[in-house]
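Okay, everyone, quick one from me today. Have a look at the screen while I talk you through it.

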Amino acid sequence: MKFSLFAFAAAGLLAGCQPQTKYEWGAYPNAMLAYYRAPEDRPAFDKAIDDVIAKGEEKHRVPPGLYAEAGYEALSKGDNQRAIELFNREKAAWPESVSFMDKAIANAGKTNQKVSENTAGKGVSP
Amino acid sequence: MKLLQLLMSFATLGMLAGCAQNVTKYDYTALREANPRSILIVPVVNKTTQVEAADTFLATLASPIAEKGYYVFPINMVKHSMEDDGLGDADMVANAPAQRLAGLFGADAVLYAEVNHWEASYALISTTTTVSIRYVLKSGKSGATLWDNNVTITYSPQASGGNPIAALIADAIIAAIERAHPSYIPLANQANAVAFLDQNKGLLNGPYSTKEH
């Protein structure tokens, strides 16, 4: 809410001159900060990631890391199947992510039960 | 809001460009040789009393670096994964060898950022914040510094342009909002833009960039 008022004032005065970015970012940065401020805002962060992917896919503008972020959100909710699917999409889109995603996929495959946030990242252990 | 941030970034760059005659160009030898494709952004170190400084910068770093043409590892997933690996403390991570951090994720390079100064002064129709931040990019293979930049910016949210009276009212509204709920994301975006886009000291373009540096 605090952002939207500000955005409204700015957008009103500066309408019609949006510089082009390479990727769709949407509310990803703002929602991440809001989530770090208040952990109960995680669902909004979740939605921001989904929105970026949905909008970005229309024009091949999904930023690096976003499928992985979505996968991690799925994993933290215990949906390992969906998480693995999204980690594979990150891997297919960005070869630089293969090593990290392979670890994340192996980890998600091992854990069949609901995974808590605390155990979700074990995939990076050396 | 994004428009405003970007416009202000461009305005700042314009000012920098105007007085850049005797600025020496950064020595990009090490960065060119390492030629990284992927950058791991690790938690930001906060040396100030502004509690949100680190998270504000962490949340804003992915876009400028990805827009430069690099693969950027997923910020939130990396943050949690590092916490699970006993690397939750930003100060500790800052002292960890880049090779170790890069090895965990398969990253070519690691970006460290440190907020060193943060001072806000509040007034009726403007709120001015001065921030200093240091960025260091290190090789994931050798640990050597590939690129670094120190940026100090003074940020004042303004709804400039158009009707001066409307702008003044808008400025007062923005100042009021800033006092009640300060939003430092535009400030962080501006600092990042100055750091990464500067034509003499900015970060070189990465493999996914379509533009020449």
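So, chain A: of its 126 residues, 45% are buried, where buried is 20 or more other C-beta atoms within 10 Å of the residue's own, with C-beta atoms placed from the backbone. Keep in mind this is a predicted model, where local features need pLDDT of at least 70, side-chain atom pairs count only at pLDDT 80 or more, and totals for chains, interfaces and linings use all residues. Residues are numbered from 1 along each chain as its sequence is written, while chains are lettered from A and ligands numbered from 1 in the order in which they are written.

The predictor gives the complex an ipTM of 0.80 and a pTM of 0.80.

Chain A has seven helices and zero strands; those are DSSP runs, helices being H or I of at least four residues and strands E of at least two, numbered from the N terminus.

Now, α4(A) and α5(A): their axes come within 8 Å and cross at roughly 170°, with axes fitted to C-alpha atoms over the stretch in contact and angles running from 0 to 180 degrees between N-to-C directions. So the two, α4(A) and α5(A), are roughly antiparallel, meaning over 145 degrees. Among the residues making that contact are Tyr67(A) and Leu75(A) of α4(A), and Leu86(A) and Phe87(A) of α5(A); contact is C-beta atoms, placed from the backbone, within 7 Å.

Last, α6(A). Its buried residues include Phe100(A), Met101(A) and Ile105(A). The buried residues of α6(A) pack against α4 and α5 of chain A, together with α6 (98-105) of chain B.

Key:
A residue is buried if 20 or more other C-beta atoms lie within 10 Å of its own, exposed if 12 or fewer, and partly exposed in between; C-beta atoms are placed from the backbone. Two residues are in contact if their C-beta atoms, placed from the backbone, lie within 7 Å. Angles under 35 degrees count as roughly parallel, over 145 as roughly antiparallel, 65 to 115 as roughly perpendicular and the rest as oblique.
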